[in-house]
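Look at the model below, then read on. The report takes one site at a time.

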Amino acid sequence: MSRYELAPTPHIVAGQGSREVLGELAASHVGAKGKALLVADPGLEATGMIDEIRAVLGKSLGTVEVFTAFSGDPTVTQTDAAASVARRSGVEVVVALGGGSALDLGKAVAAIAGESRSAIDYELGTRQFPAKRLPAICVPTTSGTGSETTRTAVLTREDGAKSWLWGDAVKSAAVVLDPELTRSLPATLTAATGIDALVHAVEAATNRNANAANNLYAHAAIELVARHLERAVSHPDDIAAREGMQRAAMLAGIAIDNAGTGIAHNMGHAMGSLRKIHHGRAVGIAMLASFPWNTEEDDGRFAACGRAMGAKSSATGFADAYERLLRACGLKVSVADEFAGISAEELARQMARPENASMRASNRREASEADLCRLAERVLAQA
Ligand SMILES: [Zn+2]
């Protein structure tokens, strides 16, 4: 048996209504007079969720500052601004409420607030994070990125390209999974984020780092998405479907934290650097474009994903079930509108950039320059 490692997972509290324990949980890290920074997705303002979570935290802590000055795909500048607030106010714990953007921003702030440097100084592992870091508590309101259980944060640089922070310092201390918080997520976002979770699980179970122990998380996540995603899209108030998707995203997050992703994430991130496209949709259609190239001569990994989806135990059985689910969720496969004027060569060049190299390298099948070009052509031409 080859060697493998499983990384520590954060303390996880899950279940309907579990947001009620957030105050006590935060106080257990910093004491009853503790100061918290609540990093919350500004899109949640209208739902009343930010006020509710602030009140829950306020019951058990001294002060709660709120930071909402960021957009989807948070930038380095926005991260630095949030870190300044944390330093100025002497914040001791960061609570991140929202989708992947809010969680990534919150985790990044907790990792860098101990010193006065910009987030960019730590990108791609160029510098050690400050020895003093703040605990981060992640409270996801979408079910997809798995950021709550990973040690990475994706930020957008000033030139629009994606950059990465990674390391144990970027991992959350605790996670609260309350499916009620995902109920207001619109169908298109439920679909795109849910497909992101599925692609995480499939890439972790099929790439070069895949191993039998980590597959327990990955295959369980695939099974949950196959069982719950369509229902969560069509019946947003179905709390069992929401709970299933929330668990799938968390388990898939653990799976990629241990094994990484692959070519679909390489393509998806490259696409997101060139044009505005939701990450989940980008990696979802990128995975579709990677068939049959990536499933050729399957050694049983993709067949096992097919079984986990309740489909035929073969690579083509998996690919067919995957495409059926992707389309059943209403995800738009064609990117002809968004990527008008972008050539396959340009996308392939972006896929070959250093910030996307680790995902290309971890893919099961080695991708040559010519392969990148063919995959780029395919994803741009899909209908
Ligand atoms: Zn992803």
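## A buried ligand

D196 is buried, because its relative accessibility is 2%. Buried means under 20% relative accessible area, exposed means over 50%, and partly exposed lies in between (1.4 Å probe, protein chains only).

This is a predicted model: local features need pLDDT of at least 70, side-chain atom pairs count only at pLDDT 80 or more, and totals for chains, interfaces and linings use all residues. Residues are numbered from 1 along each chain as its sequence is written, and side-chain values use heavy atoms, with hydrogens and water left out.

## The zinc site

Which residues coordinate the zinc ion? They are D196 (OD), H200 (NE2), H265 (NE2) and H279 (NE2), at 2.1 to 2.2 Å. Donors are N, O and S atoms within 2.8 Å of the metal (3.2 Å for Na, K and Ca); water is not among the atoms, so sites may look incomplete. Along the chain, the donors of the zinc ion have the spacing D-x3-H-x64-H-x13-H. The pair of D196 in helix α5 (residues 187-206) and H279 in helix α9 (residues 279-290) links distant parts of the chain, 83 residues apart. Helices (H or I, at least four residues) and strands (E, at least two) are DSSP runs, numbered from the N terminus. H279 is partly exposed, because its relative accessible area is 23%.

The arrangement is irregular because the four donor atoms subtend angles of 87 to 166° around the zinc ion. Four donors count as tetrahedral if all angles lie between 85 and 135 degrees; four count as square planar and six as octahedral if opposite donors are over 155 degrees apart and all others between 65 and 115; anything else is irregular.

## Aromatic pairs

The structure holds six aromatic pairs. Rings of Phe, Tyr and Trp (its six-membered ring) pair if their centres lie within 6.5 Å; planes under 30 degrees apart count as stacked, over 60 as edge-to-face and the rest as tilted. The F67 and F70 pair is stacked, because the ring centres are 6.3 Å apart and the planes are at 0°. F67 and F70 are both buried.

F291 and Y322 pair edge-to-face, at 5.6 Å centre to centre and 90° between the planes. F291 lies in the loop between α9 and α10 (301-308) and Y322 in helix α11 (residues 315-328), so the pair ties together parts 31 residues apart in sequence. Both F291 and Y322 are buried. One aromatic cluster is formed by F291, F302, F318 and Y322.
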